[in-house]
Amino acid sequence: LLVSQLKVPQAVAHGTSLVAVTGTGLVGTYKYFLVNCVDVNAAVLLTMVAMPMTLMGVHYASSVSPPTLKRYFGYWLTLAAVLIPIKVMLPTLLESHALLTSAHTPGFYATVGGIGTLSGFLSGLMGVGGGIAMVPVLALAGMPQHLAQGTALAGMVLPSFVGVLGYHRKGNVKVSAIPWLLLGTACGAYGGSMLALTLPEWILQLTFAAALFAIGAQYRRQ
């Protein structure tokens, strides 16, 4: 929308969109935290790993082909959209191999660290919310859907803000749009979080899968 409607350059759209991601993360984290749907240990680890990777993504953003990367990202989102309903239909099989339902073991931290690395880099590189990558992986690894969404939101607040600063230093943030973006995302995140927390987990999983498929299709066309 920033590119098509406001006619801003792609790099500026990337940097400015991270402002919206930061605002969404703050409000969403607050709502999910109130109902104990944030894994604090996982969120802290995601934050620590994703912050430097976000800066790395910002650094490489001007030296790679964004359309190609977005197409590959679209393929990943489509794959995740297909796998999440399988998780809903085959809970016993997947829970027996879940990585994140047990205590905080070395495997848990390794998995979360890997998720943070990938999500932070993609966030900085393409100006997308790292939660798009975090949530499906956390959910597929065994974390309940509500907890996965709350943890991903908490884990991407600071990395997204770091990404905004990185893009701003390069002059790639539309400052005049920031107040309106923050206002709109705050309202949307608050309402969306309240709705998500009232839905049964299987409905939320299928809704999230459908959203991933639609977003993935959009990325694949670029």
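Modeller: A helix here is a DSSP run of H or I with at least four residues, a strand is a run of E with at least two, and both are numbered from the N terminus. Phe161 is found in one such run, helix α8. The model is a predicted one, in which local features need pLDDT of at least 70 and side-chain atom pairs count only at pLDDT 80 or more, whereas totals for chains, interfaces and linings use all residues. Residues are numbered from 1 along each chain as its sequence is written, and side-chain values use heavy atoms, with hydrogens and water left out.

Biologist: How many helices and strands does the protein have by that rule?

Modeller: The protein has ten helices and zero strands, and the pattern along the sequence reads α-α-α-α-α-α-α-α-α-α.

Biologist: Why is Phe161 called partly exposed?

Modeller: Buried means under 20% relative accessible area, exposed means over 50%, and partly exposed is what lies in between, computed with a 1.4 Å probe and protein chains only. Phe161 has 42% relative accessibility, and therefore counts as partly exposed. The C-alpha atoms of Phe161 and Met51 are 8.9 Å apart in space, although these residues are 110 apart in sequence.

Biologist: What makes Gly216 and His14 count as buried?

Modeller: Gly216, in helix α10, has a relative accessibility of 0% and therefore counts as buried. His14, which lies in helix α1, has a relative accessible area of 5%, so His14 is buried as well.

Biologist: Which residues does Gly216 touch?

Modeller: With contact meaning heavy atoms within 4.5 Å, and leaving out residues up to four places away in sequence, Gly216 touches Gly74, Leu77 and Thr78. Across the protein, 84% of the contacts with a separation of 6 or more join residues 24 or more positions apart.

Biologist: What makes a group of residues a nonpolar core, and which members of the largest one touch the most others?

Modeller: A nonpolar core is a set of buried Ala, Val, Leu, Ile, Met, Phe, Trp, Tyr and Cys residues joined through side-chain atoms within 4.5 Å. The largest such set has 37 residues, and Phe73, Met134, Leu138 and Leu212 touch the most other members. Helices α1 (10-34), α2, α3 (66-89), α5 (106-126), α6, α7 (145-155), α8 (157-169) and α10 (201-220) each supply at least two residues, and α5 gives the most, with six. Apart from this core lies another of seven residues, among them Cys37, Val38, Ala43 and Ala196.

Biologist: What does Leu212 touch, and which residues of α6 are buried?

Modeller: Not counting residues up to four places away in sequence, Leu212 touches Leu77, Ala80, Ala81, Ile84, Ile132 and Pro136. In α6 (residues 131-140), Ala133, Met134, Val135, Pro136, Leu138 and Ala139 are buried, and just after this helix Gly142 takes a positive phi of about 120 degrees.

Biologist: Where is Asn36, and why is Asn36 called buried or exposed?

Modeller: Asn36 is in the loop between α1 and α2, and at 67% relative accessibility Asn36 passes the limit and therefore counts as exposed. Asn36 has a positive phi of about 60 degrees although it is not a glycine. Most residues other than glycine have a negative phi.

Biologist: What makes Phe33, Val40, Val44 and Met48 a nonpolar patch?

Modeller: Val40, in helix α2, has 44%, so Val40 is partly exposed and passes the 30% limit. Together the four residues have about 400 Å² of accessible area, as given by the Shrake-Rupley method with a 1.4 Å probe, where for residues only the protein chains shown count as cover. Helix α2 (residues 40-60) provides the largest share of the patch, three residues.

Biologist: How many disulfides are there, and are Cys37 and Cys187 buried or exposed?

Modeller: A disulfide is a pair of cysteine sulfur atoms within 2.5 Å, and by this rule the count is zero. Cys37 is buried because its relative accessible area is 14%, whereas Cys187 is exposed because its value is 53%.

How values were computed. Patches are made of residues with over 30% relative accessible area and no salt bridge: like charges are joined within 9 Å, nonpolar side chains (Val, Leu, Ile, Met, Phe, Trp, Tyr) within 5 Å. A salt bridge is a side-chain nitrogen of Lys or Arg within 4 Å of a carboxyl oxygen of Asp or Glu.
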